[in-house]
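Student: I am new to this structure and would like to go through it with you. Could we take it step by step?

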Amino acid sequence: LEPDSDPTPREDCRLTEEQIHVLIAKRLRCKKRQNYADADKILKALQTNGIHVQDKARKYRVDGENHFGRRESRYVRRGGTRGLSPEDAAEIASLVEERARRKKA
């Protein structure tokens with residue numbers, strides 16, 4: 001469980017703590033066997049109940065939040081505009097920021 005998360009599941013969560021642990025373990029076994037279709041189904045079931053998993057850190061949240069202590073990251077353009085007009089550069093920057101926001105959702 002993520003340390004800064006609320007340990008109380010969302011009201012609409014239909015899973016017990018034991019069921020959550022079983023599903024997370026089953027998903028890990030599926031991934032190790034390269035059965036990604038079933039692993040994705042389990043992940044979707046968890047997310048539907050407000051449980052979000054971060055595999056690399058081996059953490060999960062039950063409060064419906066999908067962040068794990070990450071700081072706000074912003075894309076930074078490096079180098080010149082390579083002949084782009086200021087308007088085009090601004091539009092590209094806007095699209096990149098929008099993409100970053102949607103990836104977090």
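Predicted model: local features only at pLDDT ≥ 70, side-chain atom pairs only at ≥ 80, totals over all residues.

Student: What share of the residues is buried?
Tutor: Of the 105 residues in the protein chain, 23% are buried. Buried means under 20% relative accessible area, exposed over 50%, and partly exposed in between (1.4 Å probe, protein chains only).

Student: Now the helices. At what angle do H1 and H2 pack?
Tutor: Helix H1 (residues 17-32) and helix H2 (residues 36-48) pack at about 155 degrees, and their axes are 8 Å apart. Axes are lines fitted to C-alpha atoms, for helices over the stretch in contact, and angles run from 0 to 180 degrees between N-to-C directions. H1 and H2 are therefore roughly antiparallel, a term for angles over 145 degrees.

Student: Which residues make that contact?
Tutor: H1 contributes Leu23, Ile24, Lys26, Arg27, Cys30 and Lys31, and H2 contributes Tyr36, Asp38, Ala39, Ile42, Leu43 and Leu46. Contact means heavy atoms within 4.5 Å.

Student: Ile24 is in that list. What else does Ile24 touch, beyond its neighbours within four places in sequence?
Tutor: Apart from those neighbours, Ile24 is in contact with Leu46, Val53 and Tyr60. Ile24 and Tyr60 are 36 residues apart in sequence, yet their C-alpha atoms are 9.0 Å apart in space. Ile24 has a relative accessible area of 23%, so it is partly exposed.

Student: Let us change topic. Where is Gln34 found?
Tutor: Gln34 is in the loop between H1 and H2. Gln34 is exposed, because its relative accessibility is 60%. Gln34 also has a positive phi of about 60 degrees, although it is not a glycine. Most residues other than glycine have a negative phi.

Student: And where is Asn66 placed?
Tutor: Asn66 is in the loop between strand S2 (59-61) and helix H3 (86-104). With a relative accessible area of 35%, Asn66 is partly exposed.

Student: Which residues is Asn66 in contact with, leaving aside its neighbours within four places in sequence?
Tutor: Those residues are His52 and Lys104. Asn66 and Val53 are 13 residues apart in sequence and 8.1 Å apart in space, C-alpha to C-alpha.

Technical notes:
Residues numbered from 1 in each chain as written. Heavy atoms only, no water. Helix = DSSP H or I, 4+ residues; strand = E, 2+ residues; numbered from the N terminus. Parallel < 35°, antiparallel > 145°, perpendicular 65-115°, else oblique.
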